[in-house]
Amino acid sequence: MGKDLFDWLGERMARWGQKKPTLSGEVNACPAGGEYKGVERLHDIFSRILQRLETVCYGTAPELAAKRMRLYISDSLLFHQFTPSVADRLRQYLEEQRGYAFAAIDTRLGPPDGVPGAVPVTEGVWLSVVEECQETQVPVVRRAVLTVVDGCGTLLGDPVTLDPGNHRYPIGLGEYPEVGGGRIRHNRIAIDDNPELPAFERFNKYVSRTHAHIDYTDRNGFVLVVEPNGTRQRGKRTEVIRHGDGTVLELDSPLVPVPLYDGDCIVLNRAVRLAFAWAQPDGPADGAENVSKDLTQQ
């Protein structure tokens, strides 16, 4: 832990029978005289990725063993320099430095258009974190409905219909809260902030004004993304309870979106519970009523 990046890379190179200091054996297609610059850029990206993870994870090491880091790189030369061997060295470096033990790291050429949770690292480089099986486990549904589970809080505009045309649905306390610097946030999924309601004192007030949001992409359908103020590091909790087996998934990083299934329950700070149900284009939600009945028992 805390080892200088260049020293770490040098040790790794020595073990693999290469000369310090570089990844030059991995840097392909460099123009004449550009090899060192390519190596230097990779060193810089390693450091920036570590810094970005520290910022998002607040210095903690969340459980990442079943998660894959994906780097999106818009520069084709840099993309080809970032070979699987370089990616594996990055994975080892992150684990040794801060305990960020990803199952794997891979790359994609181009920006992360429409990828939920993707964050910039440096110019032309972004990262996201996905479950190993996330890309194939959730069928894409183009309409859904959110309702409050009976006796677990109150929601303005209940039920809320989710339409892919809007892409993002911020979740938080109040519909138009002030979030600092005079900025006003529009929570399209708004927990009722009326202090006169009995549910406010018991449930609603524990939800952050900027708690989470639901995104939609053609690849993954609807996904839940926790925001910094909805995490354990800020004294809050955000969970998804899977319908059927009751598996509880805690969202602890804005980098890791969780796909939503029909019948799932979104739990905001262990108080407010929202039932998520897929819906037909011109019909009611399939399972919201059953979800509400099931989850009030848990």
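Predicted model: local features only at pLDDT ≥ 70, side-chain atom pairs only at ≥ 80, totals over all residues.
Local features need pLDDT of at least 70, side-chain atom pairs count only at pLDDT 80 or more, and totals for chains, interfaces and linings use all residues. Residues are numbered from 1 along each chain as its sequence is written, and side-chain values use heavy atoms, with hydrogens and water left out.

The protein chain has seven helices and 15 strands. Helices (H or I, at least four residues) and strands (E, at least two) are DSSP runs, numbered from the N terminus. Buried residues make up 51% of the 298 residues in the protein chain. Buried means under 20% relative accessible area, exposed over 50%, and partly exposed in between (1.4 Å probe, protein chains only). The accessible surface of the protein chain comes to about 13,900 Å² (Shrake-Rupley method, 1.4 Å probe). Carbon and sulfur atoms account for 47% of that surface. Contact means heavy atoms within 4.5 Å. Among contacts between residues at least 6 apart in sequence, 64% join residues at least 24 apart.

A nonpolar core is a set of buried Ala, Val, Leu, Ile, Met, Phe, Trp, Tyr and Cys residues joined through side-chain atoms within 4.5 Å. The largest such core has 32 residues. Those with the most contacts inside it are Leu-146, Leu-162, Ile-189, Ile-214, Leu-224 and Leu-274. Strand β15 (residues 272-278) gives the most to this core, with four residues. Apart from it lies another core, of 29 residues, among them Leu-50, Ile-73, Ala-87 and Val-121. Leaving aside neighbours within four places in sequence, Leu-162 is in contact with residues including Arg-142, Arg-143, Tyr-169, Phe-222 and Phe-276.

Six strands form an open sheet in the order β6-β5-β15-β14-β11-β12, with antiparallel pairing. Two strands pair if DSSP finds at least two bridges between them. The edge strands, β6 (160-162) and β12 (248-250), each pair on one side only. The twist averages 25° from one strand to the next. Axes are lines fitted to C-alpha atoms, for helices over the stretch in contact, and angles run from 0 to 180 degrees between N-to-C directions. Within the sheet, four bridges join β11 (residues 238-241) to the antiparallel β14 (residues 265-268). Thr-238 stands opposite Leu-268 in β14.

The structure holds zero disulfides (pairs of cysteine sulfur atoms within 2.5 Å). The sulfur of Cys-152 is 7.3 Å from the closest cysteine sulfur, in Cys-265, too far for a bond. Cys-152 is buried, with a relative accessible area of 10%. Cys-265 is also buried, at 0%.
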